[in-house]
Amino acid sequence: MPPEIVLITGMSGSGKSVALHAMEDAGYYCVDNLPPELLSAFVELEHKHHGNRVAIAMDVRSATSLPQVPRDLQRLKTQGVLVQSLFLDATTGTLVRRFSETRRRHPLSNDGHVQGRQALVEIIELERELLADLREQAHVIDTSNIRASQLQSYVKSLLSIAPGGMTLVFQSFAFKRGIPVDADYVFDVRMLPNPHYESGLRELTGLDEPVAEFLKQQPEVSTMQSHIEQFLTHWLDVLEQNHRNYVTVAIGCTGGQHRSVFLVQQLAKAFEHRWKVLRRHRELEGR
């Protein structure tokens, strides 16, 4: 069995420690804040002594040496190591709130503390720039509007997918709670007939058969689904040819309960014969 490494990076305050705990629960040997210079040697050592599955967290504290990580990961792949990269992200407003609530200092604050919201915002934006290359090559998870238990579930679901090839993530969400920052494509379905206004369907979700039957009877819903399928069918082939490992398709409606959930289920069913597919329902899983 070839060695497997999961690299967890992301914004400070985005939940990397939660993700690392999920990896540990799944049986991975975990290391936090490994210096990038030690990556290759560490993977080789752990393969000899602790087994095949290793999870490593790196963050902006290693900023000066982070640029070498993409090259090292590519080198490990050529050596037969199965590599997965996860990048945890969140909106700037969410990160500011988390730092304020916990009173933790940002690792890039030189003086040991941050004076005011504006200074913290500037530091967070600097961190985004420093981590941009790692984000570009990883599967991004937006933790802005999910609980720790949801993040653990997301991480474990990714681990259940065999490495290699492209994985599609279909995600439903509510526009009123913000667009997921991890989405590669966002489709707005708020113009479709809304089961919320049907008294017998309001408390149900797009996972329930009565809601599904109602939406299947609406011509606009079928047209929207067809158009999204046509778009994705064309462009996913191109993305796979460009060696994309993950593509996240977000479907949004007003409350993230009926229309977007139904369409995620339908689209996932339409594409699972061709690619590995994961389903996420941000608002339902957060209940």
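1. Let's start with a phenylalanine pair: Phe 173 and Phe 175 are both buried, where buried means under 20% relative accessible area, exposed means over 50% and partly exposed lies in between, with a 1.4 Å probe and protein chains only. Please keep in mind that this is a predicted model, in which local features need pLDDT of at least 70 and side-chain atom pairs count only at pLDDT 80 or more, while totals for chains, interfaces and linings use all residues. Residues are numbered from 1 along each chain as its sequence is written, and side-chain values use heavy atoms, with hydrogens and water left out.

2. On the aromatic side, a search of the whole structure turns up five aromatic pairs. The ring centres of Phe 173 and Phe 175 are 4.9 Å apart and their planes make 55°, so this pair is tilted. The cut-offs are as follows: rings of Phe, Tyr and Trp (its six-membered ring) pair if their centres lie within 6.5 Å, and planes under 30 degrees apart count as stacked, over 60 as edge-to-face and the rest as tilted.

3. Two arginines are worth a look next to rings. Arg 190 places its charged end over the ring of Phe 175, 3.7 Å from the ring centre. Likewise, the charged end of Arg 280 sits over the ring of Tyr 154, at 4.4 Å from the centre. Here a charge sits over a ring if NZ of Lys or CZ of Arg is within 6 Å of the ring centre and within 35 degrees of the ring normal.

4. With a relative accessible area of 2%, Arg 282 is buried. Its side chain reaches the backbone oxygen of Ala 174 at 3.3 Å and makes a polar contact of 2.8 Å with the side chain of Glu 283. A polar contact is a pair of N or O atoms within 3.5 Å; within protein, one must be able to donate a hydrogen and the other to accept it, and residues adjacent in sequence count only if both atoms are side-chain atoms. Not counting residues up to four places away in sequence, Arg 282 touches a set of residues including Tyr 154, Phe 173, Ala 174 and Arg 177, where contact means heavy atoms within 4.5 Å.

5. Now to the sheet with five strands. These strands form an open sheet in the order β2-β3-β1-β4-β5, with parallel pairing; two strands pair if DSSP finds at least two bridges between them. At the edges are β2 (29–32) and β5 (139–142), each pairing on one side only. From one strand to the next, the twist averages 20°.

6. Seven of its eight residues are buried, so β4 is largely enclosed by the rest of the structure. Seven bridges join β1 (residues 4–10) to β4 (residues 82–89), and these two run parallel. Leu 7 stands opposite Ser 85 in β4, and Gly 10 has Leu 88 as its bridge partner there. Leu 88 in turn stands opposite Ile 141 in β5, with four bridges joining the parallel β4 and β5.

7. Helix α1 (residues 16–25) lies across β1, β2, β3 (53–57) and β4, at about 165° to β1. Helix α3 (residues 69–78) lies across β1 and β4, at about 150° to β4. Axes are lines fitted to C-alpha atoms, for helices over the stretch in contact, and angles run from 0 to 180 degrees between N-to-C directions.

8. There is also a sheet of four strands, open and with parallel pairing, in the order β7-β8-β6-β9. Strands β7 and β9 (276–281) stand at its edges with a single partner each, so one side of each has no neighbour in the sheet. Four bridges join β7 to β8 (residues 246–253), which run parallel, and in β8 the bridge partner of Val 186 is Ala 250. Helix α8 (residues 219–241) packs on this sheet, touching β6, β7 and β8, and its direction makes about 170° with that of β7.

9. Finally, Val 181 lies in the loop between β6 (167–174) and β7 (185–188). Its relative accessibility is 29%, so Val 181 counts as partly exposed. Leaving aside neighbours within four places in sequence, Val 181 is in contact with Asp 89, Ala 90, Thr 91, Arg 135 and Asp 142.
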